[in-house]
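Work through the exercises below with the sequence and the 3D structure at hand. Try each task before reading its solution.

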Amino acid sequence: MSTFEVEGRKYEVDEDGFLQEPDRWTDDVAKDFAQSESIDSLTDGHWKVIHYIRNYYLQFGIAPMVRKVCKETGYKLSEIYQLFPSGPAKGACKLAGLPKPTGCV
Amino acid sequence: MADAPDGKKRANGLPDTKLLDDLEKGPWPSFVTEIKSAAKNSESARDLLGQLELSYEDRKSHWKHGGLVGVLGYGGGVIGRYSDVGEQFPNVAHFHTMRVNHPAAWFYTSDALRTICDVWERRGSGLTNMHGSTGDIILLGTTTDQLEPTFQELTHEGFDLGGSGSAVRTPSSCVGMARCEWACYDSMKLCYDLTMHYQDELHRPSFPYKFKFKFSACPNDCVASIARADMSVIGTWKDEIQIDEREVANYAAAGLDIAKDVCSHCPGKCMDWDGKKLSIENHDCVRCMHCMNVMPKALRPGKERGAVILLGAKAPILQGALLSSVLIPFVAADELFETIKELVSRIWDFWDEYGTNRERIGELIQRVGMPAFLDAIGLDPVPEMVSAPRDNPYIYYQTEKEGEQ
């Protein structure tokens, strides 16, 4: 287990940098993690995807499948990659505070 | 560097590998020998030996489950690998795998191979697997911070990452027309063209599960596409096997027992040798290739060439193994690219909509039934789609009735 630190705020993360305490998540956590996934600032588009994934996770306990993310947010997969260069699984799920997805997204 | 698992000091700088040494015995090549040879220059190869020996002692893998790492813009191509005994073996604590798309039919210049090896000795463990089962060049063992620089160097040299996860996996093909007289279509070109066409689907996983393409240019199926690819494209011909009678006579004169070694092995029982003339009932030919493999100079595929498209093979993971079965019995060689693009888009639409998580296309067809699947992709059923014709024990196939039809 390692620690991810932004401006004095510390987060317990796994070896791939995923938040280990999902309950601690707030919008501010997503902002803190954005830099680690090569995102300069979070736009409305980012938030739409992050909140969709977050709510799906809270409701079902897992990450949504990629095509569901596209369908529900209205973004094409290529647009998701423009928002989150490291992809929906590694980038978007990490910012949404999900534990590491296992092959779903 | 840690001590060998049992605490013994290493001889010759290598860990003590009593159990692994057993794998070097016998006449076969041994991956243990190869890793030992790499370990002379590579710290991580040394720790890999140590961890593997420990795995054999403990009878369990010391790689943790999962790992999610990658390069920017791609959702696949890198497989995260972490050790659960990283403190004991620090040089394999992070040991990610990179998949690199191989050239069609694995033709390289030695320069290209040296380039890859040089990059990997600088950026990773230096260990490679040439090649993985899907066909990719597998670069074994590096750390997260080396992924982007390795990717940059590889793309600069003209290589790209391969597929991983729920995506199009790196397509592969047999040597086809580059070396083989039996090629019924240009498998290398089709493999390359479709790889380029499906770059998005290859690098950005979005399917229920993996999807593999393999292209064999004749029914010998040298890339074993029928057993391994969700979509297998296998070369075949529509007309009659070409016979060179003079060469048949030469084989007979040279001592080949054509009746015993060729005709009697024909699964379609379509060949007859009367001691002078070889005759073939072409409509009974099941394209097994045995006769051509035995008499390559005398027999060759017909002139009207193309491929059969099959669907659904997979290895056993969630359910048992499946072989691909026929979807389209014959597509002319020059129409393959367009036909496959159209067909695949319909198949993926259906799979995307109805496939459950980690369900291969073959399993989906089994679940919903072939009629529903054909209806969804807009194909009419044809007799060739029966996976094992004439093998159903409940329907007696009567040869004498054949003439009446």
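**Exercise 1.** Find which residues of α12(B) meet which residues of α13(B).

*Solution.* Start with α12(B): B:I347, B:W351 and B:Y354 take part. They meet B:I361, B:L364 and B:V368 in α13(B). Contact means C-beta atoms, placed from the backbone, within 7 Å. Next, sort by class: the contact has six nonpolar, no polar and no charged residues. Ala, Val, Leu, Ile, Met, Phe, Trp, Tyr, Cys and Pro count as nonpolar, Asp, Glu, Lys and Arg as charged, and the others, Gly among them, as polar.

The model is predicted; local features need pLDDT of at least 70, side-chain atom pairs 80 or more, while totals for chains, interfaces and linings use all residues. Residues are numbered from 1 along each chain as its sequence is written, and chains are lettered from A and ligands numbered from 1 in the order written.

**Exercise 2.** Determine the order of the strands in the sheet of chain B.

*Solution.* The sheet is open, with four strands in the order β1-β2-β4-β3 (chain B). Its pairing is antiparallel. Strands (E, at least two residues) are DSSP runs, numbered from the N terminus, as are helices (H or I, at least four). Two strands pair if DSSP finds at least two bridges between them. Now find the edges: β1 (78–79) and β3 (127–130) of chain B each pair on one side only. Take one bridge: B:I79 has B:T97 of β2(B) as its partner.

**Exercise 3.** State how many residues each chain gives to the contact between chain A and chain B.

*Solution.* Chain A gives 18 residues and chain B gives 18 residues. On the side of chain A, α3 (66–73), α4 (77–83) and α5 (87–95) each give two or more.

Key:
Contact = placed C-beta atoms within 7 Å.
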